[in-house]
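Let's take a quick tour of this one, starting with the ligand and finishing with a pair of helices. Have a look first, then read on.

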Amino acid sequence: MAVTDFEGRTAFITGGASGIGLGIAKSLEARGARIVIADLRPDHIETALKQFSGGAQSNSVSAIEIDVTNREAYAAAAEKMQADFGGIDILINNAGVGVEGPVLEARYADWDFGLGVNLGGVVNGLQCFLPQMIGHGRGGHVVNTSSLAAAVMMPEQFVIYSAGKAAVLNMSENMREALAGKGIGISVLVPAFTKSNIHEAAQNRPAHLREGSGFTESEKALSEREIGDEWMEPDEVGEMVANGILNNDLYIITHGQFKNRMRERAEAMLAATPDSDFQF
Ligand SMILES: NC(=O)c1ccc[n+]([C@@H]2O[C@H](COP(=O)([O-])OP(=O)(O)OC[C@H]3O[C@@H](n4cnc5c(N)ncnc54)[C@H](O)[C@@H]3O)[C@@H](O)[C@H]2O)c1
């Protein structure tokens with residue numbers, strides 16, 4: 001039972017209190033879904049809830065403060081969704097951090113921070129929620145947020161970011177068949193240049209992963225980065241995601257600027273691949 005409309009459906013949106021996640025929350029709420037915003041940052045949650053009619057008292061929007069890397073907290077949140085709503089219908093694994101820095105300065109703290117949220121958070125979402133989404137039998141949909149940084153070759157300061165996002169892209173593609181057999185669709189959101197607070201990476205880094213980081217300077221520089229006027233509005237991304245869910249599109253790709261670089265990468269791989277008479 002694919003999601004064909006949002007009325008009566010419950011969506012759990014990680015990183016839903018800011019940027020792209022908030023854009024998705026607004027779009028799905030406007031189309032009739034019940035929204036649960038799951039986010040690390042109480043300040044983001046407070047600002048986000050004001051953007052819905054009824055604010056924190058809204059019947060259709062609620063929020064949970066959670067770190068998606070905390071498996072115990074995540075399991076408890078999933079149990080609460082089961083108790084409160086009979087389980088969720090739409091899982092948006094969107095929380096992410098802009099981990100950026102010179103790769104040869106990277107320390108375990110930087111790998112653990114970047115991969116922990118950008119890949120581990122998605123894994124935790126799937127592990128906690130797929131059993132209930134399969135179990136309730138209503139079908140549903142999963143959206144995983146990757147990045148166009150996963151689809152092209154990127155400068156070295158994005159190595160950790162791109163590695164996590166590439167894994168998210170790949171696993172989304174390869175889970176499609178297994179989920180389809182359970183009535184659950186899956187899309188991978190592949191955005192670029194969208195207005196958001198992703199430059200606040202340092203503020204989202206837990207204290208124990210600040211110690212020994214090789215990215216302190218680059219995260220400071222990132223925090224001062226200006227958002228371009230021409231960058232996409234998160235509400236526009238939200239609309240693309242809502243439409244992508246209804247169409248059960250595998251790829252929801254926001255920008256065309258990287259098309260040539262995507263093609264170059266694919267062609268370079270094909271050029272390095274020997275010919276074979278035997279095709280899978
Ligand atoms: N903005 C862009 O141009 C862009 C481009 C490509 C991909 N993305 C991806 O889009 C997603 C959303 O990012 P955004 O740009 O809207 O940034 P954002 O910082 O505005 O929103 C991300 C939200 O995730 C929350 N968050 C961070 N760590 C968390 C954790 N451990 N647990 C729970 N919540 C956590 C933050 O508090 C924030 O509210 C990310 O996965 C990001 O990598 C963004």
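A residue counts as near a molecule if its C-beta atom, placed from the backbone, lies within 6 Å of it. What you see is a predicted model, where local features need pLDDT of at least 70, side-chain atom pairs count only at pLDDT 80 or more, and totals for chains, interfaces and linings use all residues. Residues are numbered from 1 along each chain as its sequence is written.

**Around the ligand**
- There are 32 residues around the ligand, and G15, S18, G19, G96 and S196 come nearest.
- The largest share, three residues, comes from α1.

- N248 sits in the loop between α8 (234-247) and β7 (251-253).
- Its phi is positive, about 50°, although N248 is not a glycine.

**Two helices side by side**
- α4 packs against α5 (residues 159-180) at an angle of about 20°, with the axes 9 Å apart; axes are lines fitted to C-alpha atoms over the stretch in contact, and angles run from 0 to 180 degrees between N-to-C directions.
- On the α4 side, the contact includes W111 and L115, while α5 brings in Y161 and V168, among others; contact means C-beta atoms, placed from the backbone, within 7 Å.

Conventions:
Helix = DSSP H or I, 4+ residues; strand = E, 2+ residues; numbered from the N terminus. Contact = placed C-beta atoms within 7 Å.
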